[in-house]
Amino acid sequence: MSAPLIEVRNLKKFFKTGRGMLHAVDDVNFTIEEGKTLGVVGESGCGKSTLGRTILHLLDATDGQILYKGKDITTPTRKELSALRHEMQIIFQDPFSSLNPRKSVSETIMEPMKLSHSMKKQEMIDRTKELMETVGLAERFWGTYPHELDGGRRQRIGIARALALGPRFIVCDEPVSALDVSIQAQILNLMLDLQEQRKLTYMFVTHDLSVVKYISDDILVMYLGQVVEKAPSDELFKNTLHPYSKALLSAIPVPDIHANNELVTLAGEITSPIDPKPGCRFMARCPYASDRCNEPQKIEEILPNHFVSCCKCREINNL
Amino acid sequence: MENNKPIVEIRDLHVQFHSDDAVIHAVNGVDLTIREGETLGLVGETGAGKTTIARAILGIVAKPQGEITQGEIFFEGQDILKLHEKDMRSLRGNQIAMIFQDPMTALNPIERVGEQIEEAIGLHNDISHAEAIERAMQMLELVGIPRERYFEYPHQFSGGMKQRVVIAMALACNPKLLLADEPTTALDVTIQAQVLKMMRELKEKLNTAVLMITHDLGVVASICQKVAVIYAGEIVEYGTLEQIFDHPTHPYTLGLFGSLPKLDSTEKRLKPIRGMMPDPTIEIQGCKFADRCEYATEECRARHPEIYTTPDGHQIRCLRAGKEGA
């Protein structure tokens, strides 16, 4: 078997703050096979966006390794980095602030091509037209500026821009969170179509569990910088094992009045990610917490291909 | 509940906004009744007119660009659109209160949270300062915040806690009507679940009527008894929770349900509603949803649909409603 497209080993990203080290991403491991989608879920501040940005070198990793097609890309040279930009791209959350207001639709989509100095002018124009058609932007928007467009169309520009250099891997950072549901469904379908046509690999970062289930092959649940559970999508929703994942799942308001879901209410305050203690970070809010949870937690394969970081996992789930 | 006294009755409300070169038709002939002790969910997308309706009830439609051009709003039988600003001020925050969407901007950052609650109580009740403080502390406890935190500032609270403070402030004068504009949208799901649970419990305790503005059908399912679906400034469907969730009838409502990724399904593609909401500066002759509707006919584009009401009170603004095969 060939190497996975993306492999992340013991990745850490810390930020220095006035009060100490903020552990935004703390010892995260995973792989993504080509053509698959890894969903990363968690609540605000869990480090999911930082994780995506660190992999793309928009932030420098503090420690650990990032491998692309089996090759270590943790500390690339300038030249290597610019080559990597052809392979890896990002779609941002907010289609209102991630576009330059002074660049028209076509200029925005053409920008990465210009920066790469690899194409002739006519080639770039043809490519831009083709991309606009692919993402469903009519040619009449060629000279239009972002403020004249609604959120859905703006996000289509963001997608076209990410596709401009023909990447293999795209980090999608909450790409539909700012959109209305009917538009959200259009964009999600577009992203799935593009993945099929172009064999794209996605890392899909979101707080919305129903979206993540719909789009992902595998799911990673993060809590305060650490992976607490990792499993194939269907498995995770069928057999939720970590107490945090259980609470997260039960908290989603379901648009079904006959659904009978018991809410697992979390008490307690969220632990600070600044210089955290070595034990389980969810402990303060966990209904099952005991002394053992003060020890550092190890992520273990509890069921086939289903990893959980909780020392009481077997006990809680009667396994 | 049908026999409960109506708290608010909105009749044929029209609100327009004027920009330099166009008139924006934000609310176009809305009729809506909220009864005592009832939670009505007002569901729709960005720009559908949800917040404008709430602001109209509270008498805070932005002037001079915004204008209520037609209609009446009765609060306990009195047309509040005809009230003088002085009388309206005594209702606002007292009988009618509003929770705004973003708890981060709804609080004054340089005033202690307790004092912000106490201010509303002192303003509307003829009680001493000490009594008002005591009442504010009780309100904090009611929403699950220890009374000692009365003296803290908003930045010392988390997002969920701030939203609790905002709710405490809104409920401080025991209003008859609470306008909640996306009160949980800015919160994480686990915190949202806590706040919704608290709102349900408080409503049972205080019997406040609530207008719950949201775009999230999941939130509606967990807290409302009645639902109104709004599209391009018009109510397109209205009914009980069961009517809307078990028998959604208007094509737009059906489209909203089809657009949602469901946790318990294995479908590979969502069914989005094609196209986008119409430009609110253009007046549309026929059905406003016709351009996005898969059932639209020539008649739909020519004739504006009236509300069709089923025998059990389910209202649908669609020409197909009530006909065979619909």
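This is a predicted model: local features need pLDDT of at least 70, side-chain atom pairs count only at pLDDT 80 or more; totals for chains, interfaces and linings use all residues.
Local features need pLDDT of at least 70 and side-chain atom pairs count only at pLDDT 80 or more, while totals for chains, interfaces and linings use all residues. Residues are numbered from 1 along each chain as its sequence is written, chains are lettered from A in the order in which they are written, and side-chain values use heavy atoms, without hydrogens or water.

The largest nonpolar core has 61 residues. Such a core is a set of buried Ala, Val, Leu, Ile, Met, Phe, Trp, Tyr and Cys residues joined through side-chain atoms within 4.5 Å; buried means under 20% relative accessible area, exposed over 50%, and partly exposed in between (1.4 Å probe, protein chains only). Ile117(B), Ile167(B), Met212(B) and Phe245(B) touch the most other members. Helix 6 of chain B (residues 159–171) gives the most to this core, 7 residues; helices are DSSP runs of H or I with at least four residues, strands are E runs of at least two, and both are numbered from the N terminus. Apart from this core lies another, of 40 residues, including Leu137(A) and Tyr202(A).

Between the chains, helix 9 of chain A (residues 243–251) packs on helix 7 of chain B (residues 189–206).

Arg9(A) lies in strand 1 of chain A, residues 6–17. Arg9(A) is partly exposed, at 33% relative accessible area. Asp27(A) is 18 residues from Arg9(A) in sequence and 7.6 Å away in space, C-alpha to C-alpha.

Definitions and conventions:
Axes are lines fitted to C-alpha atoms, for helices over the stretch in contact, and angles run from 0 to 180 degrees between N-to-C directions.
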